[in-house]
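Please consult the sequence and the model shown below.

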Amino acid sequence: MTTQASGMGGPAADGAPADGTGEGTEGRVYNVAGGDWDEVVRALQDGADQEDTEHLVVNMGPQHPSTHGVLRLVLTLDGETVTELRPVIGYLHTGIEKSMEFRTWTQGVTFCTRADYLAPIFNETVYCLAVEKLLGVEAEVPERASILRVMMMELNRIASHMTAIGTFGLELGATTVFLYAVRERERILDLFELITGLRMNHAYVRPGGVSQDLPRGALDAIREFLGRMPHQLAELRSLMDANPLYLARTKNVAYLDLAGCMALGVTGPLLRGTGLPWDLRKSQPYCGYETYDFEVPTQDTCDAYGRYLVRVDECDESLKIIEQASDRLAGPRPENDPVMISDPKIGWPAKLALGGDGLGNSPDHIAHIMGQSMEALIHHFKLVTEGFRVPVGQVYTAVESPRGELGCHAVSDGGTRPYRAHFRDPSFTNLQAVAAMAEGGMIADVIPAVASIDPVMGGVDR
Amino acid sequence: MSEKTPPNEPEPDEAALAGRERLNEQVVRTGMFGTQTTGDTSGYGGLQVRRAPPPFTPRPYGSYFDEVADALTARLEADGGGFDEAVERVIVDRGELTLHVRREHLVAVARLLRDEPPLAFELCGGVSGVHYLADVGRELHAVYHLVSITHNRRLRLEVSVPDADPHVPSVVSVYPTCNWHERETWDFFGIVFDGHPALTRIEMPDDWKGHPQRKDYPLGGIPVEYRGATVPPPDERRSYT
């Protein structure tokens, strides 16, 4: 028989009383939601002669500040050693994939952007690459749209890594790091707001291109960001890189080597932290990544500290890519250089413009469909309400998201809606590895193990 | 269609043969929009759309696909089997190779794909289920996306099983990463992965009834009222497929 403690605000185990201490089906249950462990220890000592008190089952989560969102970890403890760890997920399942089957291919973007909410541009891009591959129009996506996608993805990568590093610090007790990192993320979100109109849930990348071109002043804002960011990154590194407390909590902690990564399907900074330079931007380029000059940072320590170093180094590389992309966008621009595919059967005809009541269809376009051309009105109506048809088939596309390989398996039955859109989210796959990393270690090391995976529950549960 | 072809008529070409083959398939849709409640005013009310026969790609497949197929054939034959015995059909579409594997051979094929140096598909991207409601007798598909880091290649395995017997052998023994993916596919589609260490629901609550991503499971939703007009829930809106 095992003794259970339903602590840290988590739900009581099966058969346990809803509140207070009492007998459950699996053993004696102690409720310490307030965190008064002295009473538990005393009660355990009192009852030591009657029960097996060797093992303690603790529910960490689903509402716990250091489990990255609504993740529940069921820990079996022997003293302070974790003998068994079982992650429980599903608390943030929203049925995004199912909902997408009832909307048009274009509307799908507004759903999948909400999955991994720290990397929305990646979700949008991988989905749009899948739709374009199904349509067979990859070659017709305008160059400028691809450059914009790359630039936005790399900005997003830095924002995501800033959250990963910041919350990592916060969970180990370093609030300064969190504030510094989140401040930089805010600046990127400001850029996103300037370019897409929204701080998250952008729906910026659309099948065939992107929703709109850069607004005035966007390139200057990006330049300003590029100017200050290296200094900010150096400042962040000076707080973390050689901090003895941070090193003690992360070095040789949450070990997972290359064989483990392969078996568990782990990709991203965790895989590159084992020394394998596997990055889809290099190995299977998309959106023209082969034309940018950047490196794939690796570490060979296989531990939480190595993953942190990979992430900060990736931020430096992302800055290089953003600089090259913004140079291309700023260069001399040919006449009629669109950001959306020219095929009028796929790209929405409306040009967006900022009016008195916010962003919407441009007055020129409204005047054209309402006053001049009946056919244009019909076409607009059909394309927006019915959507375009996609030939029968299935494709799988993958991009390198901040957390690893983000894949999209899209199936079409020839209709105007996705028959099935499945996202192979790296958080979901990588989170399986937390047991391999933390079992046999101390309970305190569970926190850096989860944080070094950087799971985003929106992506895990979708 | 007459049984005998007159001698002066030219040999039917590939497209004509494919068309004739399709006439033997079942009807999947009638009319232009598949409307049931109101009349079809499109003028195509008598249209009958038949299911396309399952496609397959003949050799050569192109790209690295022939090399993969050759290496797999050689290894399967060395083990006393054959390529055609394990793989129902091969589809090359949009630059992607799909092997439709018979379920009883799935684990053996996956193991060869992972272990044999000329194949070396070390990484599995997990399982994705698809419910083809109209594909009678093989409604549920489990789709595996494999990556070879050694050769920088991709490959898709697909297993189809009937709804009445939704059993697929688990590949967790070959690719441990499929553990959660198979649980997810069981949860959403009801495909039973035999040999999985703990096949339980993962996203839905443990006591949930049904498998929500199946096509016969309703989306649900409530009508939305806006300025006196009512917008029906998404699954009751007109569909154009």
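This is a predicted model: local features need pLDDT of at least 70, side-chain atom pairs count only at pLDDT 80 or more; totals for chains, interfaces and linings use all residues.

What share of the accessible surface of chain B belongs to carbon and sulfur atoms? The share is 53%, from an accessible surface of about 12700 Å².

**Overall dimensions and fold**
- Chain B contains 5 helices and 11 strands.
- The C-alpha trace of chain B extends over about 70 × 65 × 30 Å along its principal axes.
- The radius of gyration of chain B is 22 Å, whereas a compact globule of 241 residues would have a value near 18 Å.

**Burial, contacts and charge**
- Of the 241 residues in chain B, 42% are buried.
- Among the contacts in chain B with a separation of 6 or more, 50% join residues 24 or more positions apart.
- Chain B carries 26 positive and 38 negative side chains, and 4 Å separates the centres of the two sets.

**Helix 4 of chain B**
- Helix 4 of chain B covers residues 106-115, and its buried residues are B:L106, B:V109, B:A110, B:L112 and B:L113.
- These buried residues line one face of helix 4, because they fall within an arc of 160 degrees when seen down the helix axis.
- In an α-helix there are 3.6 residues a turn, so residues three or four places apart point the same way.
- The cover over the buried residues of helix 4 includes helix 2 (65-78) and helix 3 (83-86) of chain B.
- Strands also contribute to this cover, including strand 4 (96-101), strand 6 (140-148), strand 7 (153-161) and strand 8 (167-169) of chain B.

Key:
Residues are numbered from 1 along each chain as its sequence is written. Chains are lettered from A and ligands numbered from 1 in the order in which they are written. Side-chain values use heavy atoms; hydrogens and water are left out. Buried means under 20% relative accessible area, exposed over 50%, partly exposed in between (1.4 Å probe, protein chains only). Helices (H or I, at least four residues) and strands (E, at least two) are DSSP runs, numbered from the N terminus. The arc is that of the directions from the helix axis to the C-beta atoms. Contact means heavy atoms within 4.5 Å. The radius of gyration is taken over C-alpha atoms; the globule rule is 2.2 Å times the number of residues to the power 0.38. Accessible areas come from the Shrake-Rupley method with a 1.4 Å probe; for residues, only the protein chains shown count as cover. Lys and Arg count as positive and Asp and Glu as negative; His and the chain ends are not counted. The place of a charge is taken as NZ of Lys, CZ of Arg, CG of Asp or CD of Glu.
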